[in-house]
Amino acid sequence: TSRFSASKLFKKEEDSAASHSYEELQNLKDVHNGETCIVIGNGPSLNLIDMDLVSQFPHFAVNSYFLLEDKIKRPPDFYVVEDTAVFKDNFSEIIDFEAKQKFFPMIYKEKLLSGRTSKELGNPLFFRMNQGFYGRSTGTLGYPRFSQEFSQRAYWGQSGTMINLQLAYWMG
């Protein structure tokens, strides 16, 4: 079995610092301060949600939300794909899915921009995602962390919703 290496993980994260969307993410700080927003997860329970209500508010969607494209009244304001399996299995759908602003972890930047310009993709923003949720050596095994500085990094927490909660907090 391979042993988890926190130092390799954090080194990879730090190496991405120069190429993530820091300034653009900084500009999003508190842009929706005091507003009501909706953070939407995934799963079959979304079939029971009144999408007319969702459309009335800024909303944050994640991963396979594109599967509801025929039900949603308007594209999400903010769309994050952090799940590697969803990214690999639904690459074309994710690229084609309309959202006001898309966000991706730095680990997807090379694949997304391969043969495409950022403008062609709708100018997605890339963030640093710390995947140390399972890190035995970090002392956080099984306990998701919460970033109050999304422009610096977001913490993965076994759910894309955790990323969107951090992003919503960052935006106010």
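1. In this predicted model, F104 has a relative accessibility of 3% and therefore counts as buried, the cut-off being under 20%.

2. F104 and F126 form an aromatic pair, with 6.2 Å from centre to centre and 35 degrees between the planes, a geometry that is classed as tilted. Since F104 belongs to strand β4 while F126 belongs to strand β5 (residues 125-127), the pair ties together parts of the chain that are 22 residues apart in sequence. F126 is likewise counted as buried, its relative accessibility being 3%.

3. By the distance rule for ring centres, the model contains eleven aromatic pairs. In one of them, the ring centres of F87 and F104 are 6.4 Å apart and the ring planes stand at 70 degrees, so this pair is edge-to-face, the class that applies over 60 degrees. With a relative accessible area of 4%, F87 is buried.

4. Taken as a group, F87, F91, F104, Y108 and F126 make up one aromatic cluster, so that the two pairs described above, F104 with F126 and F87 with F104, are made by members of this cluster.

Notes. Residues numbered from 1 in each chain as written. Predicted model: local features only at pLDDT ≥ 70, side-chain atom pairs only at ≥ 80, totals over all residues. Heavy atoms only, no water. Phe/Tyr/Trp six-rings, centres within 6.5 Å; stacked < 30°, edge-to-face > 60°. Buried < 20%, exposed > 50% of the residue type's maximum accessible area, 1.4 Å probe, protein only. Helix = DSSP H or I, 4+ residues; strand = E, 2+ residues; numbered from the N terminus.
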